[in-house]
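Dear colleague,

I am passing on the structure we spoke about, and I would be glad if you could look through it. My notes are below it.

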Amino acid sequence: MPTIFSHVAVPIATSLGVGKIVSRRLFFFATFCAILPDFDTIGFKLGIAYASQWGHRGFTHSIAFAVLVALLAMCFARLLKSRAWVVFLLTFIAVVSHPLLDMLTSGGLGVALYWPYSNERVFFDYRPIAVSPIGIANFFSARGWRVIQSELLWVWLPSIILLFTLRGMRRK
Ligand SMILES: [Zn+2]
(Lines give C-alpha, C1' and ligand atoms only; values in the text may rest on other atoms or scores of the structure.)
Protein backbone atom coordinates (compact mmCIF):
# COMPACT_ATOMS: atom_id res chain seq x y z
CA MET A 1 0.00 0.00 0.00
CA PRO A 2 0.98 3.58 -0.29
CA THR A 3 1.33 4.92 3.24
CA ILE A 4 -1.84 5.82 5.11
CA PHE A 5 -0.94 9.51 4.77
CA SER A 6 -1.17 9.23 1.01
CA HIS A 7 -4.44 7.33 0.87
CA VAL A 8 -6.18 10.27 2.53
CA ALA A 9 -4.86 12.75 -0.05
CA VAL A 10 -7.66 12.04 -2.52
CA PRO A 11 -10.69 12.74 -0.26
CA ILE A 12 -8.91 15.71 1.32
CA ALA A 13 -8.15 17.29 -2.06
CA THR A 14 -11.65 16.55 -3.40
CA SER A 15 -13.38 17.97 -0.29
CA LEU A 16 -11.29 21.12 -0.20
CA GLY A 17 -11.74 21.47 -3.96
CA VAL A 18 -15.54 21.36 -3.98
CA GLY A 19 -15.90 23.54 -0.89
CA LYS A 20 -18.88 24.04 1.38
CA ILE A 21 -21.16 21.28 0.07
CA VAL A 22 -18.94 18.89 2.05
CA SER A 23 -19.59 19.33 5.77
CA ARG A 24 -16.80 18.97 8.29
CA ARG A 25 -18.28 15.67 9.45
CA LEU A 26 -18.40 14.30 5.94
CA PHE A 27 -14.83 15.48 5.38
CA PHE A 28 -13.54 13.42 8.33
CA PHE A 29 -15.77 10.48 7.44
CA ALA A 30 -14.51 10.40 3.84
CA THR A 31 -10.91 10.68 5.02
CA PHE A 32 -11.50 7.62 7.21
CA CYS A 33 -13.14 5.81 4.29
CA ALA A 34 -9.96 6.13 2.26
CA ILE A 35 -8.10 3.88 4.70
CA LEU A 36 -11.08 1.63 5.46
CA PRO A 37 -10.15 -1.06 2.85
CA ASP A 38 -6.89 -1.79 4.66
CA PHE A 39 -8.73 -2.95 7.77
CA ASP A 40 -8.68 -6.25 5.90
CA THR A 41 -5.09 -6.75 7.13
CA ILE A 42 -6.83 -8.15 10.20
CA GLY A 43 -7.23 -11.23 7.99
CA PHE A 44 -3.51 -11.97 8.45
CA LYS A 45 -4.13 -12.32 12.20
CA LEU A 46 -7.17 -14.49 11.58
CA GLY A 47 -5.16 -16.82 9.37
CA ILE A 48 -6.89 -15.85 6.12
CA ALA A 49 -4.61 -16.33 3.10
CA TYR A 50 -3.41 -13.17 1.33
CA ALA A 51 -4.72 -14.46 -2.00
CA SER A 52 -8.18 -15.30 -0.62
CA GLN A 53 -11.06 -13.02 -1.65
CA TRP A 54 -11.48 -12.31 2.08
CA GLY A 55 -7.74 -11.62 2.53
CA HIS A 56 -5.71 -8.42 2.19
CA ARG A 57 -6.46 -6.54 -1.04
CA GLY A 58 -9.48 -8.82 -1.53
CA PHE A 59 -13.15 -7.84 -1.51
CA THR A 60 -12.61 -4.58 0.43
CA HIS A 61 -10.50 -3.38 -2.51
CA SER A 62 -13.31 -3.77 -5.08
CA ILE A 63 -15.56 -1.32 -6.90
CA ALA A 64 -18.54 -3.24 -5.46
CA PHE A 65 -17.34 -2.63 -1.90
CA ALA A 66 -16.95 1.11 -2.61
CA VAL A 67 -20.52 1.27 -3.95
CA LEU A 68 -21.83 -0.63 -0.91
CA VAL A 69 -20.09 1.65 1.59
CA ALA A 70 -21.28 4.72 -0.34
CA LEU A 71 -24.89 3.48 -0.36
CA LEU A 72 -24.72 2.75 3.35
CA ALA A 73 -23.19 6.16 4.07
CA MET A 74 -25.97 7.80 2.07
CA CYS A 75 -28.47 6.52 4.66
CA PHE A 76 -26.63 8.63 7.21
CA ALA A 77 -26.61 11.80 5.11
CA ARG A 78 -28.47 13.74 7.77
CA LEU A 79 -25.97 12.73 10.44
CA LEU A 80 -23.13 13.66 8.06
CA LYS A 81 -24.81 17.02 7.47
CA SER A 82 -24.51 16.91 3.69
CA ARG A 83 -26.82 16.16 0.81
CA ALA A 84 -27.28 12.45 0.03
CA TRP A 85 -25.73 12.59 -3.45
CA VAL A 86 -22.70 14.46 -2.09
CA VAL A 87 -22.26 11.79 0.62
CA PHE A 88 -22.59 9.01 -1.95
CA LEU A 89 -20.18 10.53 -4.43
CA LEU A 90 -17.47 11.57 -1.99
CA THR A 91 -17.61 8.26 -0.09
CA PHE A 92 -17.41 6.32 -3.33
CA ILE A 93 -14.44 8.36 -4.54
CA ALA A 94 -12.67 7.98 -1.19
CA VAL A 95 -13.10 4.20 -1.00
CA VAL A 96 -12.46 3.40 -4.67
CA SER A 97 -9.37 5.63 -4.79
CA HIS A 98 -7.76 3.27 -2.29
CA PRO A 99 -7.48 0.17 -4.52
CA LEU A 100 -6.68 2.36 -7.52
CA LEU A 101 -3.67 3.75 -5.64
CA ASP A 102 -2.70 0.25 -4.49
CA MET A 103 -2.71 -0.76 -8.16
CA LEU A 104 0.07 1.76 -8.75
CA THR A 105 2.35 0.18 -6.13
CA SER A 106 5.30 -1.99 -6.94
CA GLY A 107 4.79 -4.82 -4.45
CA GLY A 108 2.47 -7.38 -2.93
CA LEU A 109 -0.50 -8.95 -4.66
CA GLY A 110 -2.82 -6.94 -6.87
CA VAL A 111 -6.32 -5.90 -5.79
CA ALA A 112 -9.59 -7.77 -6.36
CA LEU A 113 -11.09 -4.73 -8.12
CA TYR A 114 -13.81 -6.68 -9.94
CA TRP A 115 -14.97 -8.77 -6.97
CA PRO A 116 -17.47 -10.53 -6.76
CA TYR A 117 -17.55 -10.83 -10.57
CA SER A 118 -13.94 -11.99 -10.58
CA ASN A 119 -11.36 -12.72 -7.89
CA GLU A 120 -8.49 -11.86 -10.20
CA ARG A 121 -5.88 -9.63 -8.54
CA VAL A 122 -5.07 -6.70 -10.78
CA PHE A 123 -2.43 -3.98 -11.06
CA PHE A 124 -1.93 -1.11 -13.47
CA ASP A 125 0.73 -1.78 -16.11
CA TYR A 126 2.68 1.21 -14.88
CA ARG A 127 3.45 1.07 -11.16
CA PRO A 128 5.56 4.01 -10.05
CA ILE A 129 4.73 4.02 -6.30
CA ALA A 130 7.29 2.24 -4.15
CA VAL A 131 5.53 -0.04 -1.69
CA SER A 132 5.78 1.23 1.88
CA PRO A 133 7.87 -0.78 4.34
CA ILE A 134 6.04 -2.24 7.33
CA GLY A 135 6.96 -0.88 10.75
CA ILE A 136 8.18 2.51 11.93
CA ALA A 137 11.87 1.57 12.15
CA ASN A 138 11.96 0.46 8.52
CA PHE A 139 10.06 3.53 7.52
CA PHE A 140 12.83 5.93 8.56
CA SER A 141 15.32 4.34 6.22
CA ALA A 142 16.58 4.99 2.72
CA ARG A 143 13.74 2.87 1.41
CA GLY A 144 11.24 4.85 3.47
CA TRP A 145 12.52 8.05 1.88
CA ARG A 146 12.11 6.57 -1.59
CA VAL A 147 8.52 5.71 -0.75
CA ILE A 148 7.82 9.27 0.39
CA GLN A 149 9.35 10.71 -2.76
CA SER A 150 7.30 8.48 -5.06
CA GLU A 151 4.12 9.26 -3.13
CA LEU A 152 4.73 13.01 -3.23
CA LEU A 153 5.13 12.80 -6.97
CA TRP A 154 2.38 10.30 -7.83
CA VAL A 155 -0.25 10.97 -5.16
CA TRP A 156 0.17 14.39 -3.55
CA LEU A 157 1.10 16.35 -6.67
CA PRO A 158 -1.90 15.07 -8.70
CA SER A 159 -4.12 15.64 -5.63
CA ILE A 160 -3.01 19.25 -5.35
CA ILE A 161 -3.63 19.73 -9.08
CA LEU A 162 -7.10 18.19 -8.59
CA LEU A 163 -7.82 20.56 -5.71
CA PHE A 164 -7.01 23.68 -7.71
CA THR A 165 -8.80 22.38 -10.82
CA LEU A 166 -11.99 21.86 -8.77
CA ARG A 167 -11.62 25.29 -7.21
CA GLY A 168 -11.12 26.84 -10.63
CA MET A 169 -14.24 25.13 -11.95
CA ARG A 170 -16.23 26.32 -8.94
CA ARG A 171 -15.28 29.91 -9.59
CA LYS A 172 -16.70 29.75 -13.13
ZN1 LIG B 1 -4.89 -1.36 0.47
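This is a predicted model: local features need pLDDT of at least 70, side-chain atom pairs count only at pLDDT 80 or more; totals for chains, interfaces and linings use all residues.

Residues are numbered from 1 along each chain as its sequence is written. The mean pLDDT (the predictor's confidence in each residue, from 0 to 100) is 91 for the protein, and 94% of its residues reach 70 or more.

Helix α5 (residues 63–74) has twelve residues and reaches 16 Å from its first C-alpha to its last, close to the 16 Å expected (1.5 Å times one less than the number of residues). Its buried residues are Phe65, Ala66, Val69, Ala70 and Ala73, where buried means that 20 or more other C-beta atoms, placed from the backbone, lie within 10 Å of the residue's own, exposed means 12 or fewer, and partly exposed is in between. They cover an arc of only 135 degrees around the axis, which puts them on the same side of α5; the arc is that of the directions from the helix axis to the C-beta atoms. What covers them includes α3 (24–35) and α6 (84–102). Not counting residues up to four places away in sequence, Ala73 touches Val87, Phe88 and Thr91, a contact being two C-beta atoms, placed from the backbone, within 7 Å.

The largest nonpolar core has 28 residues, of which Leu26, Ala30, Cys33, Ala66, Val69, Ala94 and Val95 touch the most other members; such a core is a set of buried Ala, Val, Leu, Ile, Met, Phe, Trp, Tyr and Cys residues joined through C-beta atoms within 7 Å. At least two residues of this core come from each of α2 (9–18), α3, α5, α6 and α8, and the largest share, seven residues, is that of α6. Another core, of five residues, lies apart from it and has Val111, Ala112, Leu113 and Trp115 among its members.

Helix α8 has 30 residues and reaches 42 Å from its first C-alpha to its last, close to the 44 Å expected. It bends by about 40 degrees at Leu152, the bend being the angle between axes fitted to the seven residues ending there and the seven starting there. Leu152 itself is partly exposed, with 13 other C-beta atoms within 10 Å. The buried residues of α8 are Val147, Ser150, Glu151, Trp154, Val155 and Ser159, and what covers them includes α1 (4–7), α2 and α6.

Most residues other than glycine have a negative phi, and most peptide bonds are trans. Arg57, in the loop between α4 (42–45) and α5, has a positive phi of about 65 degrees and counts as buried, with 28 C-beta neighbours inside 10 Å. Lys81, in the loop between α5 and α6, has a positive phi near 55 degrees, but is partly exposed, with 13 other C-beta atoms within 10 Å. The peptide bond from Trp115 to Pro116 is cis, with omega near 0 degrees, and Pro116 lies in the loop between α6 and α7.

With best regards

Terms used:
Helices (H or I, at least four residues) and strands (E, at least two) are DSSP runs, numbered from the N terminus.
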